[in-house]
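Visitor: Please take one part of this model and look at it closely for me, giving the cut-offs behind each term as you go.

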Amino acid sequence: MKQILLFIFWLCVAMVAIALTIVLGERGAWYFAWVVGTVMIVLIAAAGTAIIDARYEEEHD
Amino acid sequence: MQELDTVIALSRTQFAATALYHYLFVPLTLGLSVLLATMETIYVVTGRDIYRRMTHFWAKLFAINFALGVATGLTMEFEFGTNWSTYSHFVGDIFGAPLAIEGLMAFFLESTFVGLMLFGWGKLSRGKHLLVTYMVALGSNLSALWILVANGYMQKPIGSSFNPDTMRMELTSFTDLIFSPEAQAKFVHTSIAGYLTAALFVLGISAFYMLRGRHLELAKRSFRVAALFGLFASVGVISLGDALGFINGSAQPTKLAAMEGLWETAEAPAGFNLIAWPNQDEQRNDFELQVPYLLTPLVTHGFEESIPGVKDLVADAETKIRNGIPALTALRTLRENPDDAQALEQFEAHQDNLGYALLVQRYAEDVSQATDAQIARAAADTIPPVATVFWSFRVMVGTAFLMMAFLIVSVIYSLRDTLLEKRWLLRVAPWMIPVPFIANEAGWIVAELGRQPWTVYGQLPTWLSASTHSVEYMIFSLTGFVLLYTLFIIIEMFLMVKFIRLGPSEPAKAPVADSGPHRHSSQWSEI
């Protein structure tokens, strides 16, 4: 049951995200660019740092 | 008139001083909040304790900056009412809504979560604390959004109309207001400029630690996160700067002409003035160094459009002033008799240029009797101070590319883990801390001085917007601000330097109910 509820929850989140994308993409292209851009900057900085950290740790080990 | 001019000049000086001062704190708050969220994300995902300490340390510096940013922002909201009461009356219906939402965002959303972020360590679970940090980042940037929506309206009035009954602008479409291309591009450009500011701030301080061999592991990791974060932000800020220039070009041709030092209309493909010495009195550049064919594609994103120069824009303003004068005379008739159908018809036929007629009112009380010389003088006023705008723009763009170049080098050496061998880079990094602040201030000068002589472009002249205070009052309040803000900056610098010298303190309490991975750094003892 918990799995189904979680699935429905994330489905709703996805639907809201798609709806927002359509609305923002139509009228607020730059706002949409900010959302996507910020997420990308955060993800690249975080993932890049974590990956490099792991790589150096492996080399040291 | 002499006293009025002095009061306006003092009001402008006071607003410029408080805005530029406030804007020293804002970008760092915007960017550092997102950078903190990035650092904490790494902590939550990897479980490495060093990232928790990193987040905790930079959050302290964020808190100092945040407090002064809020304090200096408060005065500006009041300044609209105290020093710019005609402006507030004229566009309060439009300007008030985003400003009120900004207040709510800043004081309820942002401030609440800042408290939870700073004092929630050891009380909230890792996931919840991370959520709180993201809410701080979102709240900070959303409060900037509303201010920039309001500012976007001043740059390009949209979603409103003038009501001759109430003699003020009224909101006709809230969605047009918030989705204005000017507001959108301005927000994204400003927000990402904040990311860049925060990245250079963290890089500089981390380099300082590495040079002195202190907190090495924390500093190296902070440097790496900030370098990656800043490099992508620099690409974003330059792209959005180009977009903003493109949007500005059509919305405010006078600002564009000043930014580019264009006196004559430039036929395609026009050359870009890399360096020039504009002479506003003689309407020409005393000296210029051009890059051929570059300006047209930069500004129009094409190869065919011509770009209007100052001389043609002044001639165009003269036409608009003459066209706007009947609207202003009709408005005066309507004020006496609101039912005068003929006056209403005359007003509606000319209302698009009402703002231009208000420009000539500065020189001719009865605008219907304005002489050609007075109209020409008012038309010449429509051009902002060219040299200041021209050079501010070049400082902003030049420093943006300098930062990007520096970040490319920083990322390369950081990823190769050879930072400690590149002492020159570590020595340069602290000197890069002021660079984004200079770029931000220069950008703000381009935006605001470039809009002159208008508070609301094409609608309300600056000379008509100020309150009617006495000169003594303005000098008193300006002196008060200068003294108070000087004290603030001394406190800010003292606290920043103190906490930077102290460095990361004892480990903060770990968030409770840890359920994810949790690993201590192997170099814990070095910290």
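Guide: In this predicted model, the C-alpha centres of domain 1 of chain B and domain 2 of chain B lie 31 Å apart. Domain 1 of chain B covers 2–252 + 384–502, and domain 2 of chain B covers 258–383, bounds that come from an automatic or database domain assignment. Residues are numbered from 1 along each chain as its sequence is written, while chains are lettered from A and ligands numbered from 1 in the order in which they are written. Because the model is predicted, local features need pLDDT of at least 70 and side-chain atom pairs count only at pLDDT 80 or more, whereas totals for chains, interfaces and linings use all residues.

Where the two domains meet, 22 residues of domain 1 of chain B are in contact with 22 residues of domain 2 of chain B (C-beta atoms, placed from the backbone, within 7 Å). On the domain 1 side, H7, helix H14 (386–415), strand S6 (460–461) and helix H17 (462–465) of chain B each supply at least two residues; helices (H or I, at least four residues) and strands (E, at least two) are DSSP runs numbered from the N terminus. H14(B) gives the most to this side of domain 1, with five residues. By class, this side of domain 1 of chain B divides into 16 nonpolar, five polar and one charged residues (Ala, Val, Leu, Ile, Met, Phe, Trp, Tyr, Cys and Pro count as nonpolar, Asp, Glu, Lys and Arg as charged, and the others, Gly among them, as polar).

Helix H7 (residues 216–251) of chain B also packs against another helix: its axis and that of helix H6 (residues 181–211) of chain B come within 6 Å and cross at roughly 155°, with axes fitted to C-alpha atoms over the stretch in contact and angles running from 0 to 180 degrees between N-to-C directions. H6(B) and H7(B) are therefore roughly antiparallel to each other, since angles over 145 degrees count as such, under 35 as roughly parallel, 65 to 115 as roughly perpendicular and the rest as oblique. The residues of the contact of H6(B) with H7(B) comprise 27 nonpolar, seven polar and three charged.

Turning to the other chain, 19 residues of chain A are in contact with 25 residues of chain B. Helix H2 (residues 29–60) of chain A provides the largest share of the chain A side, 17 residues, and that side has 13 nonpolar, five polar and one charged residues.
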